[in-house]
Amino acid sequence: MNKYQSVLFDLDGTLTDSGQGIMKSAQYAFEKMSMKVPPFEDLRVFVGPPLSDEFAAFGVKENDIDKAIAFYRERYVTKGKYENVPYEGICELLKRLQKDGYRLFVATSKPEGLAYEILHRFHMDQYFEMIAGATVDRTRETKQDVLEYLLQSTDISSAVMIGDTRFDVEGAVACGIPCIGVSWGYGKDSEIIDAGAVTLVHTMNELQEAIKKQTAQ
């Protein structure tokens, strides 16, 4: 039996390239808030972590964060979620892992309903036993929150996390789960390593080998 028979995937920046939709929706929120809109590339940091953290980092006051998130979702649920595409080779990788006997799950800071809708749109939901996400009311928001919820909701005994940002690594480490970082997403390679990722991979083949290496330990 594989030591880490369960593989937990982040969604944004790991399974799908969702940056354009997220960044444009953040841009829209700043416009609706009548705030100065940051340079578009600076909004890359919105891909991955909870929206509340990033809006706060860009100067949105605490009592206005829910309003900013509501504006963001106003655009995201109608347009942004469609500005999204699976990374090349990811579906083939999921098929191979499933064939090799791994149990596959999703752990994302995106609201759970939206995560399911996006994965269903790309026919990717079929690979996962459970798609765990955040709640709209922010009672479950961080990657640690989502991972704890996933672990409590399943019989997972051992697992490895796959993610593209330090938030994925930090959440996994907090839950005692090793994390493999991927470089094709929106996080910084140095931050992923510094956060404690067991390794950083650059291709789907490297990811498959890294998962096998972890399970063999």
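This is a predicted model: local features need pLDDT of at least 70, side-chain atom pairs count only at pLDDT 80 or more; totals for chains, interfaces and linings use all residues.
Six strands form an open sheet in the order β5-β4-β1-β6-β7-β8, and they pair in parallel. Two strands sit at the edges: β5, residues 130-134, and β8, residues 199-201. Each of these pairs on one side only. On average, neighbouring strands in this sheet are turned by 25 degrees against each other, direction ignored.

Helix α5, residues 112-121, packs on this sheet. The helix touches β4 and β5. Its direction makes about 125 degrees with that of β4.

Now take the strand pairs one at a time. β1 covers residues 6-9, and β6 covers residues 159-163. The two run parallel and are joined over four bridges. Within this pair, Leu8 stands opposite Met161 of β6. Phe105 is placed opposite Met130 in β5.

Next, look at Lys143. This lysine is found in helix α6, which spans residues 143-153. Is Lys143 buried or exposed? Its relative accessible area is 4%, and the cut-off for buried is under 20%, so Lys143 counts as buried. What surrounds this side of the helix? Setting aside neighbours within four places in sequence, Lys143 is in contact with Asp10, Ala107, Thr108, Ser109, Met161, Phe167, Asp168 and Gly171.

Look in the loop between β7, residues 179-182, and α8, residues 189-194. Trp184 has a relative accessible area of 17%. That value falls under the 20% cut-off, so Trp184 is buried. Which residues does Trp184 touch? Not counting residues up to four places away in sequence, the list is Gly13, Thr14, Tyr87, Val201, His202, Thr203, Met204 and Leu207. Trp184 and Asp164 are 20 residues apart along the chain, and their C-alpha atoms are separated by 7.3 Å.

Turn to the empty spaces. A probe the size of a water molecule, rolled over the atoms, shows where such space is left. How many cavities of 30 Å³ or more does a search of the whole structure find? The search finds one. The volume of this largest cavity is about 230 Å³. Its lining has 23 residues. Pro49, Leu51, Ser109, Lys110 and Pro111 lie nearest the centre. Three elements each supply at least two lining residues: α2 (51-57), α3 (65-76) and β4 (103-111). By type, the lining of the largest cavity divides into eleven nonpolar, five polar and seven charged residues.

The largest pocket is an open space, with a volume of about 220 Å³. Its lining runs through several stretches of the chain. Arg44, Val45, Val47, Pro49 and Glu54 are among the lining residues. Thr165, Arg166 and Phe167 also line the pocket, as do Tyr186, Gly187, Lys188 and Glu191. Five lining residues of the pocket are nonpolar, two are polar and five are charged.

Pro49 lines the largest pocket and is among the residues nearest the centre of the largest cavity.

Technical notes. Residues are numbered from 1 along each chain as its sequence is written. Side-chain values use heavy atoms; hydrogens and water are left out. On a 1 Å grid over the protein atoms alone, a cavity is a set of points where a 1.4 Å probe fits but cannot get out, and a pocket is an open set with protein on both sides within 12 Å along at least five of seven lines; lining residues have an atom within 4 Å of a point. Grid points are joined across faces, edges and corners, and a volume is the space filled by probe spheres set on the points. Ala, Val, Leu, Ile, Met, Phe, Trp, Tyr, Cys and Pro count as nonpolar, Asp, Glu, Lys and Arg as charged, and the others, Gly among them, as polar. Two strands pair if DSSP finds at least two bridges between them. Axes are lines fitted to C-alpha atoms, for helices over the stretch in contact, and angles run from 0 to 180 degrees between N-to-C directions. Contact means heavy atoms within 4.5 Å. Buried means under 20% relative accessible area, exposed over 50%, partly exposed in between (1.4 Å probe, protein chains only).
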